[in-house]
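Take a look at the model below. Keep it in view while you read.

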Amino acid sequence: MAQRVVHQLVEVLAPGCVPLCLTDGLKEYGTALLTHFGHWMQPERRQDTGPMPKPRWMPRPELLYAQVVKSYRRRRLVGVKHRVVFAHS
């Protein structure tokens, strides 16, 4: 479902546009955003020997993504946390 939501968002954006994304704490949104606004990167080795690190998705520098995570107790909202996931420094 998260992939579908992000894909529909990309279809209505202007070409090359990267939105500010705010979601709940569902981790699938991070994966969906990376597949549309990210690129594959091969990390460098940390040691001279051993296996090469696996390639990983990295966000484009202009991607800004944060989560608003709500905590409930007995169906009442008791707290809200803001978590920055991707942001350029």
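This report covers a hairpin, the contacts of one tyrosine, a loop and a pocket.

## Ground rules

This is a predicted model, in which local features need pLDDT of at least 70 and side-chain atom pairs count only at pLDDT 80 or more, while totals for chains, interfaces and linings use all residues. Residues are numbered from 1 along each chain as its sequence is written, and side-chain values use heavy atoms, with hydrogens and water left out.

## The hairpin

Start with two strands. A strand here is a DSSP run of E with at least two residues, and strands are numbered from the N terminus. Strand β4 covers residues 64-73, and strand β5 covers residues 76-86. The two strands run antiparallel, and nine bridges join them. DSSP must find at least two bridges between two strands for them to pair.

β4 and β5 form a hairpin, with two residues between them. Now check their backbone angles. Most residues other than glycine have a negative phi. Arg 74 has a positive phi of about 55° although it is not a glycine. Arg 75 also has a positive phi, of about 65°, and is not a glycine either.

The scale is simple: buried means under 20% relative accessible area, exposed means over 50%, and partly exposed is in between (1.4 Å probe, protein chains only).

## Tyr 65 and its partners

Next, find Tyr 65. Tyr 65 stands opposite Phe 86 in β5. The structure holds two aromatic pairs. One of them is formed by Tyr 65 and Phe 86: the rings are 5.8 Å apart, centre to centre, with 40° between the planes, and the pair is tilted. Tyr 65 lies in β4 and Phe 86 in β5, so the pair ties together parts that are 21 residues apart in sequence. Rings of Phe, Tyr and Trp (its six-membered ring) pair if their centres lie within 6.5 Å; planes under 30 degrees apart count as stacked, over 60 as edge-to-face and the rest as tilted. Tyr 65 and Phe 86 are both buried.

Tyr 65 also takes part in polar contacts, among them one with Thr 23 and one with Gln 67. A polar contact is a pair of N or O atoms within 3.5 Å; within protein, one must be able to donate a hydrogen and the other to accept it, and residues adjacent in sequence count only if both atoms are side-chain atoms.

| Side chain | Partner side chain | Distance |
|---|---|---|
| Thr 23 | Tyr 65 | 2.7 Å |
| Gln 67 | Tyr 65 | 3.2 Å |
| Gln 67 | Arg 83 | 2.7 Å |

Where does Thr 23 lie? Thr 23 is in strand β1, residues 20-23. Its relative accessible area is 16%, so Thr 23 is buried. Gln 67 lies in strand β4. Gln 67 is buried as well, with a relative accessible area of 6%.

Cys 21 is another residue of β1. At 8% relative accessibility, Cys 21 counts as buried. Cys 21 and His 39 are 18 residues apart in sequence, and their C-alpha atoms are 17 Å apart in space.

## The loop between β2 and β3

Move on to another loop. β2 spans 38-41 and β3 spans 56-59, and Pro 51 lies in the loop between them. Pro 51 counts as exposed, at 74% relative accessibility. Pro 51 and Gly 38 are 13 residues apart in sequence and 24 Å apart in space, C-alpha to C-alpha.

Met 52 sits in the loop between β2 and β3. Met 52 is partly exposed because its relative accessible area is 47%. The C-alpha atoms of Met 52 and Pro 19 are separated by 33 Å, and these residues are 33 apart along the chain.

## The largest pocket

Which residues line the largest pocket? The lining is Pro 43, Glu 44, Arg 45, Arg 46, Gln 47, Thr 49, Gly 50, Pro 51, Pro 53 and Arg 56. On a 1 Å grid over the protein atoms alone, a pocket is an open set of points where a 1.4 Å probe fits, with protein on both sides within 12 Å along at least five of seven lines; lining residues have an atom within 4 Å of a point.

Key:
Helix = DSSP H or I, 4+ residues; strand = E, 2+ residues; numbered from the N terminus.
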